[in-house]
Amino acid sequence: MGPGVVVAGLTAAAVAVVTLLAVQADGAGSRAAAAGASAAAATEAAPSSGPAPTAPALPASSGTGYRLVYSIAGHRVWLVDPRKTPELQASFAVTPGSAEPSPGSYSVYSRTATGKGTDGRQIEHVVRFTQQSGTVFGFSAAVDGSTEPPEAGLRTGGIRSARADGQLLWDFAPTGTRVVVTP
């Protein structure tokens with residue numbers, strides 16, 4: 001690989017990161033700009049992000065329209081935007097907490113850029129969608145990149161993703177976004 005190719009690759013990655021940081025700092029940036037920057041960053045950081053040809057099919061019971069779909073049995077998330085082609089914007093595996101939400105349709109009601117998870121880890125891109133029996137359910141990514149299941153005996157509704165996937169989900173799901181939980 002020649003030096004020109006390396007410089008071009010580094011320049012493209014730097015532009016994607018700067019764009020991503022600018023959108024995050026703005027907080028109200030357009031979903032399209034954020035998704036474009038996130039997709040570029042995710043391609044560099046985690047090749048599993050995005051609608052891979054090997055991703056399982058979207059559950060038939062996931063409804064229609066703009067939505068985030070979470071499969072309890074499949075431990076997987078799909079980001080669906082019917083206004084775009086392809087409709088499936090991304091699909092990725094997640095690690096559930098020790099508790100699972102009931103199947104149904106919910107809305108994102110709260111988001112937090114950074115914080116501390118129930119397990120004590122520093123987390124980012126927290127997207128909460130329901131509370132059931134005293135447990136808050138939402139998506140997040142550990143800042144240290146870990147996606148291990150929670151410790152035995154710890155009750156948590158945190159659904160963890162890789163950091164790049166967490167960024168995609170954050171950009172896709174502002175407050176009010178429909179979340180469909182399938183069995």
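Predicted model: local features only at pLDDT ≥ 70, side-chain atom pairs only at ≥ 80, totals over all residues.

Residues are numbered from 1 along each chain as its sequence is written, and side-chain values use heavy atoms, with hydrogens and water left out.

The protein chain has three helices and nine strands. Both kinds of element are DSSP runs numbered from the N terminus, helices being H or I of at least four residues and strands E of at least two. Along the sequence the elements follow the pattern α-α-β-β-β-β-β-β-β-β-α-β. Of the 183 residues of the protein chain, 42% count as buried; buried means under 20% relative accessible area, exposed over 50%, and partly exposed in between, with a 1.4 Å probe and protein chains only. Contact means heavy atoms within 4.5 Å. Among the contacts in the protein chain with a separation of 6 or more, 56% are between residues 24 or more positions apart.

An open sheet is formed by five strands in the order β3-β2-β1-β9-β4, with mixed pairing. Its edge strands are β3 (88-93) and β4 (104-107), each of which pairs on one side only. Two strands pair if DSSP finds at least two bridges between them. Neighbouring strands of this sheet are turned by 20° against each other on average, direction ignored. For such angles, axes are lines fitted to C-alpha atoms, for helices over the stretch in contact, and values run from 0 to 180 degrees between N-to-C directions. Within the sheet, β1 (residues 67-71) and β2 (residues 76-80) pair in the antiparallel sense over five bridges, and Val69 stands opposite Trp78 in β2. Helix α3 (residues 163-172) lies across β1, β2 and β3, running at about 40° to β2.

Which residues touch the most other members of the largest nonpolar core? Of its 24 residues, they are Val77, Leu79, Phe139 and Leu169. A nonpolar core is here a set of buried Ala, Val, Leu, Ile, Met, Phe, Trp, Tyr and Cys residues joined through side-chain atoms within 4.5 Å. At least two residues of this core come from each of β1, β2, β3, β6 (122-132), β7 (135-142), α3 and β9 (178-182). Helix α3 gives the most, with four residues. In soluble globular proteins, nonpolar side chains tend to be buried together. Leaving aside its neighbours within four places in sequence, Val77 is in contact with residues including Leu68, Val69, Tyr70, Ala90, Phe92, Phe139 and Leu169.

The aromatic residues provide a further set of links. Rings of Phe, Tyr and Trp (its six-membered ring) pair if their centres lie within 6.5 Å; planes under 30 degrees apart count as stacked, over 60 as edge-to-face and the rest as tilted. By this rule the count comes to four aromatic pairs. Tyr70 and Phe139 form an edge-to-face pair, 5.9 Å centre to centre with 85° between the planes. This pair links distant parts of the chain, since Tyr70 is in strand β1 and Phe139 in strand β7, 69 residues apart. Tyr70 counts as buried because its relative accessibility is 0%, and Phe139 is buried with a relative accessible area of 3%. Tyr106 and Phe129 form a tilted pair, 5.8 Å centre to centre with 55° between the planes. Here Tyr106 in strand β4 is linked to Phe129 in strand β6, 23 residues apart, and both residues are buried. Tyr70, Tyr106, Phe129 and Phe139 form one aromatic cluster.

Strands β7 and β8 run parallel and are joined by five bridges. Strand β8 (residues 157-161) is mostly covered, with four of its five residues buried.

Helix α3 is largely enclosed by the rest of the structure, because nine of its ten residues are buried. Among them are Leu168, Leu169, Trp170 and Phe172, as well as Asp165 and Asp171. Arg111 lies over the face of Trp170, at 3.6 Å from the ring centre; a charge sits over a ring if NZ of Lys or CZ of Arg is within 6 Å of the ring centre and within 35 degrees of the ring normal. In the loop between α3 and β9 lies Pro174, which counts as partly exposed at 26% relative accessibility. The C-alpha atoms of Pro174 and Ser107 are separated by 9.6 Å, the two residues being 67 residues apart along the chain.
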